[in-house]
Every structure is written in structure tokens, then in C-alpha cells.
Amino acid sequence: MKKAFLTGITGQDGSFLAELLLSRGYEVHGLIRRASTFNTGRLDSIYIDPHAPHAHFFLHYGDVSDGGGVRRLLQQVQPDEVYNLAAQSHVKVSFDQAEFTADAVALGTLRMLEAVRNTVESTGKEIRFYQAGSSEMFGASPPPQNEETRFYPRSPYAVSKVSAHWYAVNYREAYGLFIANGILFNHESERRGETFVTRKITRGLTRIHLGLQNKIYLGNLDSRRDWGHAADYVRAMWLMLQQDHPDDYVVATGEAHTVREFLDEAGAILKMDWKKVVELDARYLRPTEVDNLQGDASKARRKLNWRPEVNFQELVRRMVEHDLALARQEKILHESGYGTVVSGYRHA
Ligand code: NAP
Ligand code: G4F
């Protein structure tokens with residue numbers, strides 16, 4: 001049985017990847033942060049009590065800012081594959097918390113690479129490493145962007161991801177480690193964090209549809225993103241670690257839409273005129289924006305035989321249907337005297 005170790009397992013991608021690995025017979029170990037509230041909601045469907053006989057899903061407390069802790073865990077687990085997904089992953093927040101973002105994204109990756117290097121040196125066992133790179137690294141470079149495109153990062157988050165990318169390349173070349181960088185374009189899902197624009201729109205419009213809130217406040221509606229579904233993208237991560245040689249790959253659908261087009265698509269499903277309920281709030285504008293991301297994933301298609309299964313229309317439909325069901329539950333609970341309806345949208 002292969003063992004995988006995931007940082008960022010409680011996030012959107014971590015939960016889909018954990019499901020994929022369990023379905024392929026892996027023993028899965030995940031790093032979780034101590035929080036004052038439960039942060040494992042996305043893992044509820046796959047959680048197994050570690051006391052159960054034949055449990056092969058284990059969570060360990062830790063943080064990528066704690067190098068000694070992650071090193072100890074890797075020595076203990078001795079995984080075959082490590083997926084480094086942990087990050088402060090919100091671009092706008094990275095302008096407010098630049099140092100914290102660099103610590104988790106850039107130095108966090110370096111700490112994970114050091115932990116892998118030490119474990120490989122002390123045990124002699126090969127460990128394959130996936131680094132979660134981002135299309136934000138291309139930033140202001142015009143589309144279509146592929147593996148040859150120059151990095152031109154436009155936020156502290158993106159600069160930190162570029163740094164993590166080059167740490168990973170350097171550790172591959174310096175120590176002969178099997179390290180793959182995935183350069184993934186935006187991928188969303190029913191589990192997407194609620195302050196990213198797609199989920200903010202689907203949560204907001206469905207709640208407005210059921211009378212639970214009145215408005216959504218957004219920033220720039222003209223930026224273009226190449227949006228895919230997260231379940232397709234974690235499959236590409238896994239494929240990268242199953243190759244004969246480590247390499248770097250762009251993962252994208254090749255199709256880009258504006259935020260405005262995402263609103264059009266979601267509004268059409270709900271038969272709503274979104275223009276009547278969306279307002280601009282300048283606090284969601286970024287000091288430097290990334291205007292246009294559209295990926296060219298021909299290398300991943302050719303070498304990994306990877307293809308996305310969910311297109312833009314299907315992605316929006318799934319997210320709207322999911323959030324409509326959630327809003328209905330919220331309404332029923334409220335009408336039965338349970339739960340409070342938050343009128344604006346928290347944190348968004
Ligand atoms: P996400 O939902 O924001 O999840 C981030 C994960 O990182 C969470 O599990 C979070 O834990 C964990 N984390 C944050 N800081 C940490 C720290 N200091 N130590 C340990 N864990 C920490 O992000 P995602 O969308 O799943 O993305 C996964 C990775 O891919 C990230 O590295 C992201 O930057 C990158 N990426 C994402 C996309 C995309 O479109 N989704 C595209 C390209 C690259 P908590 O749950 O405790 O907060
Ligand atoms: O949904 P977003 O916050 O995603 P963004 O900035 O593209 O970053 C995401 O994708 C990256 C891959 O390219 C990941 F690396 C990163 O971790 C993250 O997952 O914003 C998308 C666009 C931006 O142009 C933003 O300015 O939507 C625009 N936008 C407009 N109003 C908004 C809002 N974004 C957010 N989050 N909230 C708004 O109210």
C-alpha cells in the first residue's frame with residue numbers, strides 16, 4: 001500500500017485529492033492546523049476513526065511554519081508521495097498579510113523540501129514531491145500561458161509562489177529528488193472557499209434568490225480567468241507523480257471568461273438579473289490586478305494524457321445547484337427557529 005502525505009488537506013484541493021488517493025488504495029496522511037473551531041468539514045465524508053481496524057486515513061497536527069514538526073512527521077510516516085498544497089491562497093489577502101503569506105507559501109515550501117531531503121538522506125527511500133504552483137505566477141504575461149511563459153507575478157502571493165517554484169526546481173537539480181511543479185489555473189467547485197469570486201457569486205445569488213440577502217458587493221468584473229473543476233485538477237497532480245521523470249506542467253481548460261460572464265451564466269440558471277443586485281465595493285479591488293489568464297495545457301494533454309471533464313457551463317451549474325440546496329436548508333432551519341440568517345455575506 002502506497003503512503004501519501006498531504007499539506008493543505010483541509011482545503012478544497014486537499015479534500016478532493018485525499019478522496020482520489022483513498023479510492024486508489026493509498027494510506028493517506030494529512031497535516032492539519034490547530035484551530036479554535038473544527039476545520040475538517042471538507043473531510044467529513046472520508047474521515048475514519050484512527051482507532052478503527054484497517055483505518056488508512058490519518059490526520060496530524062502541524063503547520064508549514066514549523067520546520068521541526070514537519071520533519072519529524074515525515075520521518076515518522078515515511079511517505080512515498082508528498083503533495084504540498086498548504087498556502088495562504090487568497091490573492092487579495094496577500095496584500096494585507098504579505099509576510100505571513102511569504103512564510104506559508106515560500107518558506108513553507110522550503111521547509112517541506114528540507115524535510116523531504118532529510119528523510120530521503122536518512123532512510124534511502126524515494127519520496128516524490130508535488131508543489132502546488134499557480135497561474136498567478138504568470139501575472140501580467142499575456143495569454144495563452146504555458147510552461148515557457150515568463151513569470152511576472154503581481155501580488156505578494158504570486159511572488160511567493162514563484163519563489164516556491166524555483167526552490168522546487170533547485171532541489172530537483174541539486175539533490176536529484178523527484179519533484180514536479182504543477183502550474184494550475186483557477187479551479188473551483190462546490191467546496192471552493194466562500195471568499196473566492198466564483199463561490200461568492202453562487203452563494204450570494206442563490207441566497208438572494210431565496211430572500212436571505214439583498215446584495216453582493218464585488219470588485220473588478222472585467223478580469224478573465226480560465227476556470228476548471230478541482231476534481232479534474234487533482235487528477236493531474238497525481239498523474240505528475242506517476243511519470244518516469246519529474247517535470248513541470250501547466251494545467252488549464254484553455255477557455256477563459258470574465259467575472260461578468262460568470263455572473264451571466266449563474267444569473268441565467270436562476271433566471272435573475274444580477275445587475276440589479278451586484279454593487280461595486282472598492283475594497284475588493286487589488287493594488288495590482290492580473291487581467292487575463294488563459295492556459296495552454298498541451299504538454300499535460302500530450303505527456304500525462306490529462307483532459308478536463310467539466311466545462312465552464314457545467315462548473316457554474318454544479319456550483320449554483322449545490323448552493324441553492326444549501327440556501328434552502330438555511331431557510332428551512334431559520335423558519336423552524338433554528339439558526340440565524342446573516343444578511344450580508346460574512347468575510348466576503
Ligand atoms: P485552500 O482551499 O485555501 O486551502 C489551503 C490549505 O492550506 C488549507 O488546508 C489550509 O488550512 C492550509 N494552510 C494554510 N496555511 C497553512 C500553514 N501555515 N500550515 C499548514 N497548512 C496551512 O486552497 P486550494 O484552493 O485548495 O489550493 C490548494 C493549493 O493550490 C494552494 O497552495 C493554492 O495556493 C494552490 N492553487 C490553487 C488554485 C485554485 O484555483 N484553487 C490554483 C493554483 C494553485 P486551513 O483549512 O486550516 O485554513
Ligand atoms: O476568485 P479570485 O479571488 O481568484 P484569483 O485571484 O484568480 O486566485 C485564485 O486562483 C489562483 C490561480 O490563478 C490561485 F493561485 C489562488 O490561490 C486563488 O485560488 O479572483 C478572481 C478574479 C480577480 O480578478 C478578482 O479581482 O475575480 C476578481 N474579483 C472581483 N470581485 C473578486 C471579487 N475576487 C474576490 N475574491 N472577491 C471579489 O469580491
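Modeller: A word on terms comes before the ligand site: domain bounds come from an automatic or database domain assignment. Please also keep in mind that this is a predicted model.

Biologist: Which domains give residues to the shell around ligand 2?
Modeller: The shell takes at least three residues from each of domain 1 (3-189 + 227-251) and domain 2 (197-224 + 255-287 + 311-337).

Biologist: How many residues surround ligand 2, and which are the closest?
Modeller: There are 24 residues around ligand 2, and the closest are Ser 134, Ser 135, Ser 223, Arg 286 and Glu 289.

Biologist: How do those in the shell divide into nonpolar, polar and charged?
Modeller: Nine are nonpolar, nine are polar and six are charged.

Biologist: What lies 2.9 Å from an oxygen atom of ligand 2?
Modeller: That is a polar side-chain atom of Arg 192.

Biologist: How much of the accessible area of ligand 2 does the protein cover?
Modeller: On its own, ligand 2 has 710 Å² of accessible area, and the protein covers 96% of that. Helix H6 (197-209) and strand S8 (216-218) are the elements that give two or more residues to the shell.

Biologist: Turning to Ile 208, where is that residue found?
Modeller: Ile 208 is part of helix H6.

Biologist: Why is Ile 208 classed as buried?
Modeller: Ile 208 counts as buried because its relative accessible area is 13%, and buried means under 20%.

Biologist: Beyond its neighbours within four places in sequence, what is Ile 208 in contact with?
Modeller: Its contacts there are Gln 213, Asn 214, Lys 215, Ile 216, Met 272 and Val 277.

Notes: Residues are numbered from 1 along each chain as its sequence is written. Chains are lettered from A and ligands numbered from 1 in the order in which they are written. This is a predicted model: local features need pLDDT of at least 70, side-chain atom pairs count only at pLDDT 80 or more; totals for chains, interfaces and linings use all residues. Side-chain values use heavy atoms; hydrogens and water are left out. A residue is near a molecule or strand if one of its heavy atoms lies within 4 Å of it. A polar contact is a pair of N or O atoms within 3.5 Å; within protein, one must be able to donate a hydrogen and the other to accept it, and residues adjacent in sequence count only if both atoms are side-chain atoms. Accessible areas come from the Shrake-Rupley method with a 1.4 Å probe; for residues, only the protein chains shown count as cover. Helices (H or I, at least four residues) and strands (E, at least two) are DSSP runs, numbered from the N terminus. Ala, Val, Leu, Ile, Met, Phe, Trp, Tyr, Cys and Pro count as nonpolar, Asp, Glu, Lys and Arg as charged, and the others, Gly among them, as polar. Buried means under 20% relative accessible area, exposed over 50%, partly exposed in between (1.4 Å probe, protein chains only). Contact means heavy atoms within 4.5 Å.
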